[in-house]
Amino acid sequence: MNIVETHELTKIYATRLKKGNVVALDRVTLHVEQGEVFGLLGPNGAGKTTMVKTLLSITTISSGEALINGLSPSNPTSREKVGFLPESHRFPSHLTGMELLHFAGRLSGMSTVQISQRTDMLLKLVGMEKWGGMKLRKYSKGMSQRIGLAQALVAGPDIVFLDEPTDGIDPVGKMEIRQVLKRLRSEGKTIFLNSHLLSEVEAVADRVAILLRGRVVRTGTIEELTVKDSQYEIEADIGNKTIDIPEEMGRRISLTSKGMTVALNNSEDINSIIDKLRMQRISIRSVKPLKQTLEQSFFEAVSDSTEPEA
Ligand SMILES: Nc1ncnc2c1ncn2[C@@H]1O[C@H](COP(=O)(O)OP(=O)(O)OP(=O)(O)O)[C@@H](O)[C@H]1O
Ligand SMILES: [Mg+2]
């Protein structure tokens, strides 16, 4: 089941600047399945925060459609089981961490008793059990992000929207937040993660969409986005035999006595290549699709979409 769905979602900010209106989201169609970690990636200004704001009715939709739990964001019931960690948040600094959790819980309609039953567990989950009694104004950036994550979880949401959750957090802290996200996922929560940190999203997300100037330019599982188009590494005892690859099938990128790398026009042709090798009685040890990092895939998507339109 899809917990978030958008169809041709568009957001245009009216500005008084000379450059006129800003198209922050341009016909975005995507979905988030229940129980998955969905990463929305994109450079600064791509529209990630705007996306979350439209889904949570913090800003209006210009055109198109959005649904959360099957309901329009304009219906407050759509947010009953939703947690949110905003980007660059400023929680009231006179509160302690514990008081913030109570404040957030009360806003979600929880009783003081219900909140108290969860605070110890939440502080522990985000590694803040020692700091719950300290005022937020004394918190470091990393501590603020952790308590922000805890307040997003206070009402036991089904889906949490996290806008740059590791902003300002050191590498160890980042890894700890990643563990928290993995644990939430194992509990069946859905996570909508906005980030420009590719390696971080790669480590935790099931599926991603790449947003660029308000448009989705690529979407898929991490696996789909990191497999290089129809390129294969074949480990085989080729020795000094010659293997010709017909031009219409693709090309060979490298060849050694121990194997070769091929780029095919159609990934199904890998079977014909294997047949060719076997016909020459060459023993094949492995055939692996070539991988690239999410970062490489991201830059490819960015450069593809900046090519002049025909
Ligand atoms: N309230 C607003 N009024 C006018 N323009 C806005 C407003 N909020 C955002 N924008 C513009 O909309 C575009 C998308 O901004 P948004 O904050 O959604 O990007 P982002 O992907 O979250 O960027 P970042 O990685 O820096 O957080 C930008 O061009 C931004 O200047
Ligand atoms: Mg943002």
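Tutor: Let's start with a definition: two strands count as paired if DSSP finds at least two bridges between them. Strands (E, at least two residues) and helices (H or I, at least four) are DSSP runs, numbered from the N terminus. This is a predicted model, where local features need pLDDT of at least 70 and side-chain atom pairs count only at pLDDT 80 or more, while totals for chains, interfaces and linings use all residues. Residues are numbered from 1 along each chain as its sequence is written, with chains lettered from A and ligands numbered from 1 in the order in which they are written.

Student: In which order do the four strands form the open sheet?

Tutor: Strands of a sheet pair through backbone hydrogen bonds, either parallel or antiparallel. Here the order is β11-β12-β10-β13, with antiparallel pairing. β11 (250-256) and β13 (284-291) are the edge strands; each has a single partner, so one side of each lacks a neighbour in the sheet.

Student: How many bridges join β11 to β12?

Tutor: Six, and β12 covers residues 259-264. For instance, Arg 252 has Val 262 in β12 as its bridge partner.

Student: Which strands does helix α8 touch?

Tutor: Contact requires C-beta atoms, placed from the backbone, within 7 Å. Helix α8 (270-279) packs on the sheet and touches β10 (227-236), β12 and β13. Its direction makes about 155° with that of β13; axes are lines fitted to C-alpha atoms, for helices over the stretch in contact, with angles from 0 to 180 degrees between N-to-C directions.

Student: How many residues surround ligand 1?

Tutor: A residue is near a molecule if its C-beta atom, placed from the backbone, lies within 6 Å of it. Ligand 1 is surrounded by 14 residues, and the closest include Tyr 13 and Asn 44. β2 (22-33) and α1 (48-55) are the elements giving two or more residues to this shell, and α1 gives the most, three.

Terms used: Contact = placed C-beta atoms within 7 Å.
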